Amino acid sequence: MVIIINLNREMTNISERYEKLRVIAREVTMENISHLYQDHSKIILTKIDSKALQASVGWFDIECSRPRAEWSWKEAARVYRKEYTKRFEMAIWHSGKLCGLSYGRPSYGKTRLRIELIEGAPRAGNSLGPRRVVPITIMNATAYAGILGAKELRIMSPVPGLIDYYESLDFTYVETSGARYYPNFLYKILK
Amino acid sequence: MSEKNKSGLISEEMLIREKAKQALKKNKTPLYSAEDEGGLMSGPMSSEEMKKQAKNDE
């Protein structure tokens with residue numbers, strides 16, 4: 001019984017520690033953004049909390065030219081919160097509206113950080129503008145990778161048709177070897 | 001918490017912040033991507049694949 005209580009306490013401490021690291025990564029990213037975008041005071045970065053999950057449901061009411069994923073962010077949150085205390089996560093808000101969401105996780109040895117899910121609000125409902133969702137996600141992931149000591153950033157399962165798009169953001173594309181559950185990805189070596 | 005522990009925690013946090021700052025300083029990201037419509041940008045389409053990807057160890 002004592003062992004279980006101690007393990008639970010230890011897990012809570014680890015969970016709190018990584019939550020704190022993500023907060024620091026977001027704060028440093030916000031500071032960075034304040035030098036880059038004129039409307040920075042309208043941009044807020046948060047964790048994916050219940051407010052963000054609720055707001056993401058509203059994206060389905062906005063027309064989008066890109067196909068929709070079958071899964072919901074509530075579903076993704078259940079998986080990542082349960083499985084990965086060291087996860088990467090971020091919600092991007094602009095003028096009080098949810099504009100982007102992302103989840104990822106470090107590799108076992110924390111040498112790489114994988115961004116596994118990125119979605120932006122459709123253009124009509126995106127006051128930040130879809131063109132800033134991925135760059136801000138990459139900035140925050142870079143800051144978190146720096147904290148963890150990761151030397152490579154990966155974007156997993158890029159949506160078909162967006163390879164050139166990610167390559168223009170300094171990533172290199174690697175096509176899957178065909179092995180089961182090993183998707184296509186793009187990578188960038190961090191200095 | 002003792003003053004010594006407090007100052008230890010503060011200096012650790014400063015060190016962590018500096019790591020994040022240095023990572024951003026050394027690795028610049030373009031401010032804008034190419035023209036975009038929003039929607040899913042990375043991740044599998046199916047719910048099953050999303051869960052498999054999330055649970056797949058490297």
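Analyst: The model is predicted. Helix H2 of chain A (residues 50-57) packs on H3(A) at an angle of about 150°, and the two axes are 9 Å apart. Since angles over 145 degrees count as roughly antiparallel, H2(A) is therefore roughly antiparallel to H3(A). On the H2(A) side the contact is made by A:Ser50, A:Leu53, A:Gln54 and A:Ser56, and on the H3(A) side by A:Trp73, A:Lys74, A:Ala77 and A:Arg81.

H3(A) contributes A:Glu75, A:Ala76, A:Val79, A:Tyr80 and A:Glu83 to the contact, while H2(B) contributes B:Ser47, B:Met50, B:Lys51, B:Ala54 and B:Lys55. The residues of the contact between H3(A) and H2(B) divide into five nonpolar, one polar and four charged.

Which residues of H3(A) are buried? They are A:Trp73, A:Glu75, A:Ala76, A:Ala77, A:Val79 and A:Tyr80. The cover over the buried residues of H3(A) includes H2, E3 and strand E4 (112-120) of chain A, together with H2 of chain B. A:Trp73 and A:Ala77 are among the residues that meet H2(A), and A:Glu75, A:Ala76, A:Val79 and A:Tyr80 are among those that meet H2(B). In an α-helix there are 3.6 residues a turn, so residues three or four places apart point the same way.

Strand E3 of chain A, part of that cover, holds A:Arg105. A:Arg105 is buried, with a relative accessible area of 4%. The loop between strand E2 (88-94) and strand E3 (97-106) of chain A contains A:Ser95. A:Ser95 has a positive phi of about 50° although it is not a glycine. Most residues other than glycine have a negative phi. A:Ser95 is partly exposed, at a relative accessible area of 44%.

A second residue with a positive phi is A:Asp170, at about 75°, and A:Asp170 is not a glycine either. A:Asp170 is in the loop between helix H5 (163-167) and strand E6 (172-174) of chain A. With a relative accessibility of 43%, A:Asp170 counts as partly exposed.

Helix H1 of chain A (residues 2-33) includes A:Glu19. Apart from neighbours within four places in sequence, A:Glu19 is in contact with A:Arg26, A:Lys47 and A:Arg87. A:Glu19 and A:Glu89 are 70 residues apart in sequence, and their C-alpha atoms are 9.8 Å apart in space.

Helix H4 of chain A (residues 133-148) is where A:Thr142 is placed. A:Thr142 counts as buried, at 0% relative accessibility. Leaving out neighbours within four places in sequence, A:Thr142 contacts A:Leu153 and A:Leu190, and also B:Ala23, B:Leu24 and B:Asn27.

Chain B has two helices and one strand. Its elements run α-β-α from the N terminus on. Of the 58 residues in chain B, 38% are buried.

As to cysteines, a search of the whole structure finds zero disulfides over all chains. A:Cys64 is buried, with a relative accessible area of 18%. A:Cys99 also counts as buried, at 0% relative accessibility.

Terms used: Residues are numbered from 1 along each chain as its sequence is written. Chains are lettered from A and ligands numbered from 1 in the order in which they are written. This is a predicted model: local features need pLDDT of at least 70, side-chain atom pairs count only at pLDDT 80 or more; totals for chains, interfaces and linings use all residues. Side-chain values use heavy atoms; hydrogens and water are left out. Contact means heavy atoms within 4.5 Å. Helices (H or I, at least four residues) and strands (E, at least two) are DSSP runs, numbered from the N terminus. Ala, Val, Leu, Ile, Met, Phe, Trp, Tyr, Cys and Pro count as nonpolar, Asp, Glu, Lys and Arg as charged, and the others, Gly among them, as polar. A disulfide is a pair of cysteine sulfur atoms within 2.5 Å. Buried means under 20% relative accessible area, exposed over 50%, partly exposed in between (1.4 Å probe, protein chains only). Axes are lines fitted to C-alpha atoms, for helices over the stretch in contact, and angles run from 0 to 180 degrees between N-to-C directions. Angles under 35 degrees count as roughly parallel, over 145 as roughly antiparallel, 65 to 115 as roughly perpendicular and the rest as oblique.
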